[in-house]
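The sequence and the model are shown first.

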Amino acid sequence: MKEVIVTMSDNSVRRTEYGLAEESIKRLERSAITGSRAIAGALTRMSTVSNRSQEDQSALSLDAWQQWSDWDNGHADS
Amino acid sequence: MSKLIFLSSQFKVLVPIIKVVGDFCNLKCGYCFYYTRDQLTPRVMSGTLLEKFLREYMELYSGHLSFIWHGGEPLLAGLPFFERVVELQRRYLKEGQNIKNAIQTNATLVDDEWADFFKAHDFRVGVSMDGSKESHDHFRLNHGGGSSFDQVVRGINLLRQHGIEPGIIQTLTHDNTGRVREDFNFFANILGAKRWGVNDFFDVKAINQAMLDQSINNEELVSFLEAYIDMWLAQDDGEIRIREIENFMAGVLGKRAPSCTFNGECNRYFSMEYDGRVYPCDRLFSYPELLFGNLMSQPLSDILNGPARLKFVEDVSALHPNCVPCEWQVACHNGCTANRVGEIRGKYYFCETRKAIFGYLNDKLKQYRQQDEGGDSYNVGQ
């Protein structure tokens, strides 16, 4: 089942993205399967970032924006 | 005219990568894409140019602004340079703007003063480090050919003493693909890194002839990334963030990837040299045709709205024919522009790696779903 992002109202898109992620994360965190916590951590981080283009990153909360782009300084290392 | 409107939109903030000292560096890393240039002559962006840049940039955009300070080794610009940066940012700050500064350093020059400054002004610090001493010192040497490993570790420890946890950028060459397990273990369990990224070394224009045999190929990169994914899962630490894994995972889950090399927003950056020359990216300085303009003689808005940049935006956004039928098209966007073969519109050299790893991670996540009792509610690709 592939997540489908279609053009809907913002609210319905966000509900689709975040609702499923939250449910998954809770279950993964409780799981005894090795690797579940790593996946849960990644899902948690993704759930705080808009699924849409960076064009609207400026509309993010300050906290979400701070988290979003702190990897971007790795451009010219090689 | 419509292009001018999109540029000035508050939502389309372009992120600058500022090479404050040009190629000037206290290290001479074998794989550096400035290796064949003069890295010894001191160069620092002038105060006049710095102020012109910050004044015009901060006038142009609203909202959240990110500045990426780069080199060469940016700390060679000296602490007063960066004190001036934050002073000018404060002076030109408009209502509604937020500022975040990030700096990429080799960490060898970090001392208490620098660490204090970064902490006081909330700089995000990225440190270039290739792994264990054996991996790191293979290429990351000083100009005399001496090791830099101990100095880097010292710099990281100083940052941590001041409450700064740096991100790490590891460069992957043919040499260290053979030490993938050792290097992962070093980062995760010895250095205690919580987030790092991997830059693949691939000299697409064959500029550094002495290093051609160190460019990695698809087979090596696939093997490396599969091993990293396995080790990341086995480590099972929810706080460890490996940039590449998160990018691939985002693609598999239908989420927007964080990195420009995956999310197709390469044109959202621009890079400025210490002398005012503006290019699309610091990885593309070897393409003279991609020179957007020079801030010494032109307004920034003219440069970013100029024909060279608009052509670049068009070229970089063009869909490669091979991407049309690809199921991972929107997760990959034909990879990093600097690693496209032949031209900006060319095919991404690591296309096959991307397909293989999206598939590998997809299978892994499916296995987790199957093992998980209620497991059909987190979305994994087919």
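The expected span of a helix is 1.5 Å times one less than its number of residues. The model described here is predicted. In it, α8(B) has 18 residues and reaches 25 Å from its first C-alpha to its last, close to the 26 Å expected. Just after this helix, D236(B) takes a positive phi of about 55°.

The buried residues of α8(B) include L221(B), L225(B), Y228(B) and W232(B). M249(B) is in contact with A42(A) and L361(B), leaving aside neighbours within four places in sequence.

Helix α7 (residues 180–191) of chain B has an axis that comes within 10 Å of the α8(B) axis, and the two cross at roughly 40°. Because of this angle, α7(B) is oblique to α8(B). The crossing is right-handed. The residues that meet there are listed by helix.

| Helix | Residues at the α7(B)–α8(B) contact |
|---|---|
| α7(B) | V180(B), R181(B), F184(B), A188(B) |
| α8(B) | F224(B), A227(B), Y228(B), M231(B), Q235(B) |

R124(B) lies in strand β4 (residues 124–128) of chain B. Is R124(B) buried or exposed? It has 23 other C-beta atoms within 10 Å, and a residue counts as buried at 20 or more, so R124(B) is buried. The C-alpha atoms of R124(B) and I164(B) are separated by 8.1 Å, although the two residues are 40 residues apart along the chain.

Conventions
Residues are numbered from 1 along each chain as its sequence is written. Chains are lettered from A and ligands numbered from 1 in the order in which they are written. This is a predicted model: local features need pLDDT of at least 70, side-chain atom pairs count only at pLDDT 80 or more; totals for chains, interfaces and linings use all residues. Two residues are in contact if their C-beta atoms, placed from the backbone, lie within 7 Å. Helices (H or I, at least four residues) and strands (E, at least two) are DSSP runs, numbered from the N terminus. A residue is buried if 20 or more other C-beta atoms lie within 10 Å of its own, exposed if 12 or fewer, and partly exposed in between; C-beta atoms are placed from the backbone. Axes are lines fitted to C-alpha atoms, for helices over the stretch in contact, and angles run from 0 to 180 degrees between N-to-C directions. Angles under 35 degrees count as roughly parallel, over 145 as roughly antiparallel, 65 to 115 as roughly perpendicular and the rest as oblique. A crossing is left-handed if the near helix is turned anticlockwise from the far one by less than a right angle, and right-handed if clockwise.
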